Structure formats: structure tokens, C-alpha cells
Amino acid sequence: MKMFSRLDQYRGAVPFPHWVSRIAVTTCIDQLRAQRRRPELRHADLSENEAEALDRVTADEGAAPNDAMAARELVERLLGQLKPADRLVIQLLDLDGKSIAEISGLTGWNQTLIKVRAHRARRKLQVLFSKLKQQEGS
Amino acid sequence: MNSNDPWRRLAEAARRAPDSRDVTAPHGFAARVAARALAADRRPPSFLAHFSLRASLRALGAAAALAVIAAGAGYPAALRLLSEAPAPELSLAGGIPAPANSPAAAAAPAQAPAGAESPAADAAPGEDPVTDLVNIVS
């Protein structure tokens, strides 16, 4: 709807797919910002499969989770704790497998900003893993 | 992101999960887009477009009125000329159309060649149009 209503604003300065993707990105970020801030993730909130996936990835031997669906659900929970822009970057970079240049083309952000956001998101994820591990032990 | 990073292992496992996100348009989306498109068509035209349209219509009306006046003024004279003008006749030998009552037309049969060299001379003048044409060309 947004794209349709803004068609008269398209001036051809950038390729049409880029223009569409930037509207989509902006809309998604606005939607995430409008959502109510989610409460802090606790280990007790995890399902049995998610807790098992968490145990496997945080174990010393570093085994991958067997249940891919549980891993995805856990990823969604963790991403929900990030800021919308950081979440978008880490989603595109680590889950969708896009390059920094591709993300820059999609979002219009410069590559340095994307790297900073990715670094900040991963650091936040490490903190979350540590907290969940501590809560599991307690 | 090192290989022992729990996030990396979790993301790799999550990537193996089938994407179950619903990508279909929400119910009523097409109707909303169509409604917006129709609403956009009903928007009033700009001042420039409105002015151009009115000026074009006025010019068209003036041109039509002038055409009617000119036709009305010239019709009696044109009708009189058409009724008085004699029908043109093809001269038989000279190749120049002449009125039927002119001296040239009266003398034309006498000027026609009567030699035996031309096969067209065998035919009587005025009987065969093709023969007349051949005589004119020669």
C-alpha cells in the first residue's frame, strides 16, 4: 500500500527494486518500533526444545542443535530482544546470508554503519546467551 | 564471529529450518489497493490542466463556428458556379479539352489524321476511348 501510494514520488534516481526494498525496510522498522517493547527473555520462558537447543549451542563442545525448528524459534526470541535496525542487519547478514554490500543496497545505509550494527547486535546476543546460561544454572 | 560463537551455530541450525513465514497478501489487500487507485483517479485536475482544457474547448468551438459561417456565406456562389459550368469534353485530336460549341471542337474531326500508317486511324473518332487516347499521345 505504501509503495502504491508513493509511486508518484519515484524519480528514477535509483533502480526500481532498490526503491521498493527501501520502502519495505522502512516500513518493517517502523512496525517493529511501533510494537510494544518485549519483556526481558528468561530461561523459564523457553520451551523444552528451545532450552535443549540453547544447551547444545552454549555447551563447551559446541555441538549444533538437532532440531532446526527449535533453533529458529530460539533465534526469533533472541532477535526480539534487539533494536529493530540491529535486528534487521543481523537477520539479513547471518540468517539470509546477504553480504554487507547487498544490505547496503537494500537499506541505503553505508557499509560502516552496517558493520557497527552487526557488531553491536552480536555483542548483545552474547550477553543474552550468558544471561540465559546463568539462569539455567541457578 | 569465531567458530565457537553460540550465535553462529544457532544461526546455522536455524537456516536449515524451512521458512514457514506467510508471504501471501492479507485478506482485502487487493480491494484496498483498488480503492486507493480509484480514489486517486477522482482527484481534481491541476490548475494548468484545467486551464488548458478550457482553452482547448473554446478554441474548438470558435473554429467550428467559423467553419459554419464560411460554409453558409460561400454556399450560394458555389452552387451557382456548379450549375452554370459546362461539362468538359475530350478533344479528339488536339489533346486540349474544349467546350462543345467552340470552333476548335468543331474543327477537330477535320484535323484528325486519316493515314493508313496508324492502326488507330481505322476507328472512327469518338467511338473507342483507347483509340482516342493513342491519337492524343501520338
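The structure is a predicted model. For the complex, the predictor gives an ipTM of 0.73 and a pTM of 0.51. Chain A contains seven helices and zero strands, and its pattern along the sequence reads α-α-α-α-α-α-α. Chain A has 138 residues, of which 22% count as buried. When contacts in chain A between residues at least 6 apart in sequence are considered, 54% join residues at least 24 apart.

Two helix pairs of chain A were examined. In one pair, helix H3 (residues 48-58) of chain A and helix H4 (residues 68-79) of chain A have axes that come within 8 Å and cross at roughly 90°. H3(A) is therefore roughly perpendicular to H4(A). On the H3(A) side of this contact are A:Asn49, A:Glu50, A:Glu52, A:Ala53 and A:Leu54, which meet A:Ala70, A:Ala71, A:Glu73 and A:Leu74 in H4(A). Sorted by class, the contact of H3(A) with H4(A) has five nonpolar, one polar and three charged residues.

The buried residues of H3(A) were also located. In this helix, A:Glu50, A:Ala53, A:Leu54, A:Arg56 and A:Val57 are buried. Viewed down the axis of H3(A), the buried residues fall within an arc of 165°, so they line one face of the helix. An α-helix has 3.6 residues a turn, so residues three or four places apart point the same way. Among the buried residues of H3(A), A:Glu50, A:Ala53 and A:Leu54 also belong to the group that meets H4(A).

In the other pair, helix H2 (residues 16-34) of chain A packs against helix H6 (residues 100-107) of chain A at an angle of about 80°, and their axes are 7 Å apart. H2(A) and H6(A) are therefore roughly perpendicular to each other. The residues of H2(A) in this contact are A:His18, A:Ser21, A:Arg22 and A:Val25, and those of H6(A) are A:Gly105, A:Leu106 and A:Thr107. By class, the contact of H2(A) with H6(A) has two nonpolar, four polar and one charged residues.

A:Lys133 lies in helix H7 of chain A. A:Lys133 has 16 other C-beta atoms within 10 Å and is therefore partly exposed, since a residue counts as buried at 20 or more and as exposed at 12 or fewer. A:Lys133 and A:Ala51 are 82 residues apart along the chain, and their C-alpha atoms are separated by 10.0 Å.

Between the chains, 20 residues of chain A are in contact with 16 residues of chain B. On the side of chain A that touches chain B, the elements giving two or more residues are helix H1 (2-5), H3, H4, helix H5 (84-95) and helix H7 (111-137) of chain A. H4(A) gives the most to this side, with six residues. The residues on this side of chain A divide into 14 nonpolar, three polar and three charged.

The mean pLDDT of chain B is 72, and 58% of its residues reach 70 or more. Among the elements of chain B, helix H3 (residues 47-84) of chain B has the highest mean pLDDT (89), and helix H4 (residues 103-111) of chain B has the lowest (51). Over residues 114-118 of chain B, pLDDT stays under 50, and the model has four contacts beyond four places in sequence for these residues.

Conventions
Residues numbered from 1 in each chain as written. Chains lettered and ligands numbered in written order. Predicted model: local features only at pLDDT ≥ 70, side-chain atom pairs only at ≥ 80, totals over all residues. Axes fitted to C-alpha atoms, helices over the stretch in contact; angles between N-to-C directions. Helix = DSSP H or I, 4+ residues; strand = E, 2+ residues; numbered from the N terminus. Parallel < 35°, antiparallel > 145°, perpendicular 65-115°, else oblique. Contact = placed C-beta atoms within 7 Å. Nonpolar A, V, L, I, M, F, W, Y, C, P; charged D, E, K, R; others polar. pLDDT = per-residue confidence, 0-100. Arc of directions from axis to C-beta.
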